[in-house]
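Colleague: I would like to go through the labels on this model one by one. Please give me the value behind each, and the cut-off where one is needed.

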Amino acid sequence: KLTAADCHGPYCLIDAKKADGTPLVAGLEVTAFTNLEEEQAGATAWVQSNALFMETVFKEQGATFNAGDPWSSNVVTAGNLVTAQNPQSATAAANKCIEMLA
């Protein structure tokens, strides 16, 4: 089944595991709101205190993290998983999903 997540939505993948217990993103190419975008948004301290940096965690989990230019559209597909980097990626992510469902 098709799964898509944009901006901070990929955060839900951090705890997702395969049947063997390995991270779902291990060996996959993914994207999400980048560490640099968190910094540019002035959210670094908040993330450090309250959450995790998706870019950092996905790399630690064995994913290939595809960071596009900050605040530009960037969509990555790995099988039936579509991840998108930021709000500027929403339309391209939706179009990718429509393409995959056609």
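What follows is a set of questions and answers on how the labels were reached.

Modeller: One caution before we start: this is a predicted model.

Colleague: What makes Lys59 and Glu55 a salt bridge?

Modeller: The cut-off is 4 Å from a Lys or Arg side-chain nitrogen to an Asp or Glu carboxyl oxygen. For Lys59 and Glu55 the N to O distance is 3.1 Å. Therefore the pair counts as a salt bridge.

Colleague: How are Lys59 and Glu55 placed in helix H3?

Modeller: They sit four residues apart in H3, residues 54-60, which means a separation of about one helical turn.

Colleague: Are Lys59 and Glu55 buried or exposed?

Modeller: Buried means under 20% and exposed over 50%. Glu55 has 11% relative accessible area, so Glu55 is buried. Lys59 has 45% relative accessibility, so Lys59 is partly exposed.

Colleague: How many salt bridges are there by this rule?

Modeller: Two. Lys96 also forms one with Glu99, with the closest N and O atoms 3.1 Å apart. Lys96 and Glu99 both lie in helix H4, residues 90-101. They are three residues apart, about one turn of the helix. Glu99 is exposed at 52% relative accessible area, while Lys96 is partly exposed at 24%.

Colleague: What is the nearest side chain of opposite charge to Glu38?

Modeller: Lys59, 14 Å away. Glu38 lies in helix H1. Among its contacts beyond four places in sequence are His8, Phe33, Val47 and Phe53.

Colleague: Is Glu39 buried or exposed?

Modeller: Exposed, because its relative accessible area is 53% and the label needs over 50%. Glu39 is also in H1. Its C-alpha is 24 Å from that of Thr91, 52 residues apart along the chain.

Colleague: Why is Ala32 called buried?

Modeller: Its relative accessibility is 0%, so Ala32 falls under the 20% limit. Ala32 lies in the loop between strand E2 (29-30) and helix H1 (35-40). Leaving out residues up to four places away, Ala32 touches Cys7, Pro10, Glu37, Met54, Phe58, Phe65, Ala84 and Gln85.

Colleague: Which residues touch the most other members of the largest nonpolar core?

Modeller: Val25, Val30, Met54 and Phe58, out of 13 residues in that core. H3 gives the most to this core, with three residues. Beyond four places in sequence, Met54 is in contact with Cys7, His8, Pro10, Tyr11, Ile14, Ala32 and Phe33. In soluble globular proteins, nonpolar side chains tend to be buried together.

Colleague: How do you know that E4 and E5 pair?

Modeller: Pairing needs at least two bridges. Four bridges join E4, residues 75-78, to E5, residues 81-84, so the two strands pair. They run antiparallel. In E5, Thr83 is the bridge partner of Val76, and Ala84 stands opposite Val75. E4 and E5 form a hairpin with two residues between them. In the turn, Gly79 has a positive phi of about 65°.

Colleague: Which residues of E4 are on the covered face?

Modeller: Val76 and Ala78. Val75 and Thr77 make up the uncovered face. In a regular strand the side chains alternate between the two faces of the sheet.

Colleague: What makes E1 and E4 the edges of the sheet?

Modeller: The sheet is open, with three strands in the order E1-E5-E4 and mixed pairing. E1 (3-6) and E4 each have a single partner strand, so one side of each is left without a neighbour in the sheet. On average, neighbouring strands are turned by 15° against each other, direction ignored.

How values were computed. Residues are numbered from 1 along each chain as its sequence is written. This is a predicted model: local features need pLDDT of at least 70, side-chain atom pairs count only at pLDDT 80 or more; totals for chains, interfaces and linings use all residues. Side-chain values use heavy atoms; hydrogens and water are left out. Buried means under 20% relative accessible area, exposed over 50%, partly exposed in between (1.4 Å probe, protein chains only). A nonpolar core is a set of buried Ala, Val, Leu, Ile, Met, Phe, Trp, Tyr and Cys residues joined through side-chain atoms within 4.5 Å. Contact means heavy atoms within 4.5 Å. Axes are lines fitted to C-alpha atoms, for helices over the stretch in contact, and angles run from 0 to 180 degrees between N-to-C directions. Lys and Arg count as positive and Asp and Glu as negative; His and the chain ends are not counted.
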